[in-house]
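Please consider the following note alongside the sequence and the model. It treats one chain on its own and then an interface.

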Amino acid sequence: MTDLLALIVAKYNYWLYVILMMIGLYAMIAKTNLIKKLVGMNIFQTAIILFYVSIGYKTNATIPIIKNAHDAHGAVIHAADYINPLPHVLMLTAIVVSVATFGVAMALAVRIYQRYQTLEEDELRMRLSEE
Amino acid sequence: MHWPIDLIVLTFVIFCAIAAISVKDLLGTAILFGAYSFMMCLLWAVMGAVDVAFTEASVGAGVSTVFFVAAVFRTSRRTKD
Amino acid sequence: MKLLGFIVVCLTGALLLYGTGEFPDWGDPHSPASLHLSNYYIEKAVEETQVPNLVTAVLADYRGFDTMFETAVIFCAGLACFLLLRDFQEKKERFYRHTPTGIILHVKDAKKTLTVGREFEHMDKEWVPSDLIIKTVCRILIPFIQIFALYVVAHGDFSPGGGFQGGVIFGSSLILLAISYDLKTLVRRVKEKVLGIFAAVGVLIYVGIAAICMPMGGNFLDYSKLAPLIPGDPHHIRALGMLGVEIGVGIAVMAVMAIIYINIVSEGRHDEGL
Amino acid sequence: MDNYPALIVVTPLLAALFAGLAAWIEERLSYPIALFGLAVSVFSAFKVLMQVIDSGTIHYRLAGWAPPMGIEYRIDLLNAMVLLLISSIAFLNLVASFKSVDQETNDRAGSFFTIYLLFVTGLLGVTATGDLFNLYVLIEITSLTSYAMVALGDRDRGPIASLNYVFIGVIGASFYLLGVGYLYMQTGSLNMVDVANILQGHQGSSTVLVAFILCMIGIWIKMALFPMHVWLPNAYSYSPVAFSRVVAPLMTKVMVYVMIRLMITVFGFDYIFVTLHLSEAVVWLSTIAILAGGVMALAQKNLKKMLTYIIVCEIGYMVGGAWMGNQLGMTGAILHILNDALMTFALFLAVGNMVYKINKVDLIDLKGLFGKMPWTMAGFVLAAFSIIGVPPTCGFFSKWYLILGALEKGAYHFAVALIISSLICAVLFFKVFEICFFEPMSHGHGESHGPVAIEEAPVSMLIISGLVSLSLIIVGLYSGTIVNTVILPFLK
């Protein structure tokens, strides 16, 4: 029992990212409202970002901005004192990509509504088969 | 050790995520989605990813929510599920 | 569809949980991810680039090529929203309000226009009387938001922030103007053409700075070869290059955020909005 | 200093930005700018290919940093070939679409060229890069531009097809990103060669296995392998013709290239075929994909849609060949990337000419087309023969390698599926020829004896169409040379 608890505490971030990702994926597949699907898409993408940020975390380390960088030339910087910056960089790019996709998808949803006056997938399918 | 904060925020995140996709009003979804993004941003700040948290605060909780509300304003609040 | 979704989700979850089993513990300083490249960046980046914010250093220099395409993605999103929604046809009906009396005029013929001035003001279909408190507060707030945005762009080397965040904040100050007054005010002050040109010019600043390095004898994006062009300490040339790039990113992002908002909220007609 | 590898990707990007600026200032300038940018890109790609053939793999350090720290372009024979293919198809298509763009985009030609160039930039970058995360960013550029383009084509159905494409595309790209995350967690690096070196010691790890599965699923969704193909037919058939002519031949082939690159450079043959034994299952999957693509193509009533299902079928060929696990299969798959891109391009050029003249391409609308557009139809027939696999054309040779590979491995079901699908293609295209040739024009009284007035597409479109169709035969005749100078040295 204590082993299991220790396992959960040691990796709970990873378990929870899996749960968030499943929520997002479920919303993308099973919901019929297009905007709900978009929310699912965004949750899905943030779950991945959470995963990356979790990789970068180090215990007993501080944020990746070097202290006293300009007046302590020659002072040794210990890698263990700072959090891994690389996943943060990657995720900045991923956030930008996700907001770009989100904007375009919203524009598409507005276009669809202009044309068909609905955002429900089943109603859209009915409208399409009528024409 | 700040893992208790981390755990509490994570619970909130999952709560907001489930609420955002199950509320029957798209404007409500928009606001819950903003809350979700903000919680996520807190979580990343706790984990030391300040740049990512800053970006998420300005993009996810800020601009995305505004786009969302704008799109709901131009379409409809109605949703079946 | 629900059942299918459930099955797919469960399969994916099972796959991911299976992969989680062998992960190093959360926050383990000796996991492979925090050893190989990360140590190099933490120990060498300040010495090589003179930028204390490691995220900015890696973002704009070591992996600057990614960031260039990230800016291109943003530009592309703005262009896509413009192409998808922009509608140059004037809407047929218009509403005007006679300011002294408060009478609302409904003009159905598209060709007849009233001159908007002191007597008449243009009005949205779903008109809400503009609130004095909101207008005043926003008028005071917006310049400060914009100065903060500029600070975030300029100070990205030393503190969290950078071109992208600053650009988003500047863009949201424009959006705030549109929400607190009305969309027409924003469109009148910041012309669509200006936004379009800014979006392209921002990305062009980035690609231009990167491309100038090639005739100067370096590889693409190699800021250190810019030293003869810029006066000052050649030691800090990489930091200066990054600053230039971040300004480009900021301009592009600012313009694109405004473009996306304006087009979504007015369905591309740029007349009335939230 | 030799900057050609960077120029291949950067000139289209720069041209896109200048074309975007020109769209606001003087719209007529956009087209020459775009043309110039792509011309420089083609020239650089040609230079790079020659250089690689002469002196081996090129390493180009972007921002001047050494590989695992910075991003590196690592261009070997396979890259160089695909780069030249992409840039020249994009260039030729731009020349051919001079007349048709205005007709389709409601006077927004400048913005169209900008998006088009960004799309090509993305494809070129995906092909040239040697960095796993850079690959993701560039895949997103290509996807974002194609979402916009698909929505611009058909005004009614386009947005719906595009939004579906957004959902599926995001799932695919995110799975790939997640796979890269798992790899990063195990290795701490993002450079392909560096990751491959570190992975040597972790062959049994479940993290690597999950990373491999996630990457492959992501790429398969993006390339529309059979069960994940649902977005492709609608998306490609509703986009504007000038765009579908370049997206149909290139997008899926570039994704096949990415799959081959991941298999060879990152994970390695030993890991996939010796440690995992996944070969059998994937070859069966691709067999099903081939048959399903063919059968669904038979059911279509619109020429453009029918061709998109043939693309689904062709993807099955390439995936099956690549997963055969022997040199012959891989040779066939790589040769088929080249051939299939050219064949599909030729087919869509012909379709583009038809759309330019008769607007719709439902099969019924094609009656009497041989009389009306003889040159276009000549190109179409040649491309169709190549898809079917008639000997002097290039389609025959890659199929030949694929079948040899299947026989060597003992995967007879794959060989049989290949032959059946060739027969299906023959049936399909002869159906089209029959409609075009024998049935008279359906307008009016049902009788139109005597010579039909020839109404051809503009000369610029015809010349390109003819050129590409002829190149099918030329490439076919020189397949031996291509295999010996490019593919076999690469696989060694």
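**Note on chain B and the C–D interface**

1. Chain B reads α-α-α along its sequence. It holds 3 helices and 0 strands, where helices (H or I, at least four residues) and strands (E, at least two) are DSSP runs numbered from the N terminus. The model is predicted: local features require pLDDT of at least 70 and side-chain atom pairs pLDDT 80 or more, whereas totals for chains, interfaces and linings use all residues. Residues are numbered from 1 along each chain as its sequence is written, with chains lettered from A and ligands numbered from 1 in the order in which they are written.

2. The C-alpha trace of chain B spans about 45 × 25 × 10 Å along its principal axes. Of its 81 residues, 58% count as buried, that is, with 20 or more other C-beta atoms within 10 Å of their own, C-beta atoms being placed from the backbone.

3. Between chains D and C, 50 residues of chain D are in contact with 45 residues of chain C; contact requires C-beta atoms, placed from the backbone, to lie within 7 Å. On the side of chain D that touches chain C, α6(D) gives the largest share, 12 residues.

4. The axes of α1 (residues 2-20) of chain C and α9(D) come within 7 Å and cross at roughly 145°; axes are lines fitted to C-alpha atoms over the stretch in contact, with angles from 0 to 180 degrees between N-to-C directions. Here C:Leu15, C:Tyr18 and C:Gly19 meet D:Ser206, D:Thr207, D:Val210 and D:Ile213.

Key
Contact = placed C-beta atoms within 7 Å. Buried ≥ 20, exposed ≤ 12 C-beta atoms within 10 Å, placed from the backbone.
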